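Biologist: Could you take a close look at one part of this structure with me? I am new to this, so please go step by step.

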Amino acid sequence: MGVGGHFWDLLKPHARREGFDYLRNKRVAVDLSFWIVQHETAIRKRSFARNPHLRLTFFRTVNLFSKFGAFPTFVVDGTPSPLKSQARIQRFFQASGLDLSSLPVPEDGVLVERNGAFRKCVKECVELLELLGMPVLEARGEAEALCAQLNYEGHVDACITADSDAFLFGASCVIKCIHPNSREPFECYHFSDIEDGLGLRRNHLIAIALLVGNDHDLRGVQGIGVDTALRFVKTFSEEEILNSLKEIGNGEKLLCEGDAGSADDPLHGSDSISPKPRPSHCSFCGHPGSKRDHFKFSCADCITGDGPGCLKKPYKFKCDCSSCNMDRKRKEQKKHESWRIKVCERITLEPKFPNDEIIKMYLSNNHGYFDGSSGPHISWDRPRSEMLVDFLAFHQHWEPSFIRQKLLPMMSTIYLRDMATNTADELLCDQYEFDSVHRVKTRYGYQLFVVKWKKAAHMTGGAVCEISDDLAGSRQHEVIDVDDQDDILEESEVPQIQAVDGTWFLLTDEDIELVTAAFPEEVDRFLKEKELKESKRGKSVSSTPEGTESELTKSKGVQLSITEFYRSTKVLYQAKPADDIVNDSKSFRDASSKKRSAGSSSKFSKSVRRRLLFDS
Ligand SMILES: [Zn+2]
Ligand SMILES: [Zn+2]
Ligand SMILES: [Zn+2]
């Protein structure tokens, strides 16, 4: 979607992969329809997943917010412009191979292309996002247009959309893909890179879209593809391109004379009007002069030693004298001219080209329901946990404990942010108390703190459990093996549970800077202790890189993977085998199933675990 042809291919060389930390503390506009279109793909891929649009929206939002530390604003489509509706109907007819001559004209307000099912998906996702406390804005027309406007006006730092139209609407940074399991998860397109790399400004991109077709006019100009369009628009300056297209389009400028070349081009000086005749050249060596002269006096351009004569010109000889060079340039220019004329003729032939409304739409800065002076209302609220539990239990048939657990990374991120600004409650989720920084963890080259949260004393209720620690060593690779292609931002952080001497701890992964801002003294203490430990251990440890996963296995106490915990809860509700539902637990299961002792779950029943951790 967006500009026709292979427009993205044109931009692809100018993509940048940005690191794990790229969106931290940045605002980002998410084109929700784009996510839902991906959901549709996901539905086809795994039809066994219940409401994949809600599932993915939930996990991606939690991840975007907590793992990547971003502040997302979601944008939904409003009423598609009549132009786009028409283009869609046309696309439908094209796809079905029907005659295009009698196109139905879309009726105002009665827009049926986005079928009911899709609208229902969007509506449910919006409901979920609002329960998560995320701002959701409705675009007047296309979501990507409002995303781009928010970006252009500085309300957000980037847009997440796969619609190349975003650049035409003024976006400065478009994130087309997120590969969560990568050192550089974000595939970004900065408009400045495109400007530098392709020499194109926004008006040029709009002109290309008009020429090759776009969501609002699929046709474009017949016979003009992306490469021709690119070459053509570059012969105009950013200021003149759109007006020139109009003039060419209505035939005012049929031969595009006057635009060809720039003023300082020597070929367009007085010389080019009456080119000097090319002097005669030797037929034997090809250099200026004559064969007879060369035979008598030798050729100045041939190296023949002292004697007279010249050398036979090699195959495909090109004379390099100034008049030959000028001649070639002139021919090239002529060829270029005739190419331009041909393109111009095609443009002139195209009826009603270019469509002024499309140009106006791309250049508009009124894609949302807010006025320019006050800007949009964007704020992030706390997730409404209890309502979320109800919502997800109803739609996804998830257990409340599972929902709370999956929500925890978001809650801890908010808690730490609040703590950093002295506005936090006493306990995280009314249950957990910050205990300490447990260790440093490196993930895809990015360092994190594993934070230890202590279950507040009054909540534990004196339950004493013993768990096997068989799982402790095997879980840490679970998230790393997730298939990149299949899984977009979906896998979520899995808080670990740890029991030490009858006290329960939760472990979560947190951003180092955030934890430092929230609990500077604790971090200080942790770093000092770490330093002390390392100096005591001496050089023997240096073979193990600091903060790698291997430290996990050294940690004291008993660890229980909560994956085990939530997987069992889901079996109750899924008609299909639970095995494939949570693909992020696959590798964990493979690694651990052989090792897992029967005792681990029996000693520690589901209900006990749930009561201990997530039910309040
Ligand atoms: Zn010669
Ligand atoms: Zn010669
Ligand atoms: Zn020559």
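Predicted model: local features only at pLDDT ≥ 70, side-chain atom pairs only at ≥ 80, totals over all residues.

What follows is a walk around one metal site.

Biologist: Which residues coordinate the zinc ion (ligand 1), and where do Cys 285 and Cys 310 lie?

Modeller: Let's begin with the metal itself. The zinc ion (ligand 1) is held by the SG atoms of Cys 282, Cys 285 and Cys 310, together with ND1 of His 294. These contacts to the metal span 2.0 to 2.4 Å.

Next comes the geometry. The angles among the 4 donor atoms run from 97 to 120 degrees, and the site is tetrahedral. For orientation, the ideal angle for four tetrahedral donors is 109.5 degrees.

Now look along the chain. The donor residues of the zinc ion (ligand 1) follow the spacing C-x2-C-x8-H-x15-C. Cys 285 sits in the loop between α11 (241–249) and α12 (291–297), while Cys 310 sits in the loop between α12 and α13 (322–349), so this pair ties together parts that are 25 residues apart in sequence.

Are these two cysteines buried or exposed? Buried means under 20% relative accessible area. Cys 285 has 2% relative accessibility, so Cys 285 counts as buried. Cys 310, at 15%, counts as buried too.

Conventions
Residues numbered from 1 in each chain as written. Chains lettered and ligands numbered in written order. Heavy atoms only, no water. Donors = N, O, S within 2.8 Å, 3.2 Å for Na, K, Ca; no water. Tetrahedral: all angles 85-135°; square planar, octahedral: opposite > 155°, others 65-115°. Helix = DSSP H or I, 4+ residues; strand = E, 2+ residues; numbered from the N terminus. Buried < 20%, exposed > 50% of the residue type's maximum accessible area, 1.4 Å probe, protein only.
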